[in-house]
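Welcome, and please load the structure in your viewer. This tour tells you what to select at each stop and what you will find there.

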Amino acid sequence: MNRVRSGLFQTILGGILCVIFIPVIVINLVLIFSTYANPGDMPGVFGIKPVIVLSGSMEPEIRTGDMIFLHKTDPAQLMEGDVICYLTSGKAVTHRIVGISTGEDGQLRYITRGDANNTEDRLAVTTDQVQGIWKGWRIAGMGKFVMFMQSQTGMLLFIVCPLLLFILWDIWRRKREMRAESERRAELEAELELLKAEHEQVPGQKTKKQ
């Protein structure tokens with residue numbers, strides 16, 4: 001019974017670890033591939049781009065340290081009031097559209113402003129700068145946690161240590177299984193020797209002829 005419970009626990013624990021680590025690894029690989037495949041765009045997965053908010057220009061709706069998720073959008077469908085993220089001078093800015101105009105080249109221009117700001121952004125945003133639209137999906141404070149995980153201390157606590165503990169646990173589990181298997185084999189051999197000894201001690205019986 002103990003062996004069955006131990007095996008069930010190991011199976012459940014292994015399944016939980018797979019559920020946690022495999023999606024994280026896959027998403028990170030996709031983000032890395034996306035970064036190299038489209039160096040001029042922010043990385044994303046299945047049309048959704050995670051963004052860490054580093055300023056309070058959109059407070060109180062979006063706060064510093066939040067993680068927001070952008071959705072892929074057609075810039076031509078954007079309207080006043082939409083919250084977009086765009087790149088300018090290599091930095092990502094998430095502000096609200098307060099006006100739309102058409103430039104001399106016939107291209108759309110978006111006038112943006114942070115909700116907490118008193119003035120509009122100095123430069124209009126072009127369609128090729130737009131990285132996505134924010135539809136309200138955010139995780140409060142997650143950005144701070146992600147930034148901590150990217151630090152040396154965070155990587156040590158949340159990646160290196162758990163991985164090391166998992167390796168040590170796996171080594172201990174394998175040794176325990178090998179010891180249990182050796183004990184079981186020894187018990188079977190002892191039982192066989194006992195049966196053999198009992199069989200040798202029983203005198204042979206001759207069959208009487210009728």
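Select Trp 137: is this residue buried, partly exposed or exposed? Trp 137 counts as partly exposed because its relative accessibility is 44%, where buried means under 20% relative accessible area, exposed over 50%, and partly exposed in between (1.4 Å probe, protein chains only).

Before moving on, a word on what you are viewing: this is a predicted model, in which local features need pLDDT of at least 70, side-chain atom pairs count only at pLDDT 80 or more, and totals for chains, interfaces and linings use all residues. Residues are numbered from 1 along each chain as its sequence is written, and side-chain values use heavy atoms, with hydrogens and water left out.

**The aromatic pair**

A search of the whole structure finds one aromatic pair. Phe 69 and Trp 137 form this pair, which is stacked, at 4.4 Å centre to centre and 25° between the planes. Rings of Phe, Tyr and Trp (its six-membered ring) pair if their centres lie within 6.5 Å; planes under 30 degrees apart count as stacked, over 60 as edge-to-face and the rest as tilted. The pair links distant parts of the chain, 68 residues apart: Phe 69 is in strand β2 (residues 67-71) and Trp 137 in strand β7 (residues 130-139). Phe 69 counts as buried because its relative accessible area is 12%.

**The sheet**

Now switch to a cartoon view. The protein has three helices and seven strands; helices (H or I, at least four residues) and strands (E, at least two) are DSSP runs, numbered from the N terminus. The seven strands form an open sheet in the order β1-β2-β7-β3-β4-β5-β6, with antiparallel pairing. Two strands pair if DSSP finds at least two bridges between them. At the edges are β1 (48-52) and β6 (125-126), each pairing on one side only. Select β1 with β2: five bridges join these antiparallel strands. Lys 49 stands opposite Leu 70 in β2.

**A helix stop**

Next, select helix α3 (residues 152-201) and find Arg 173 in it. Arg 173 is buried, because its relative accessible area is 16%.

**The whole view**

Finally, zoom out. Of the protein's 210 residues, 24% count as buried.
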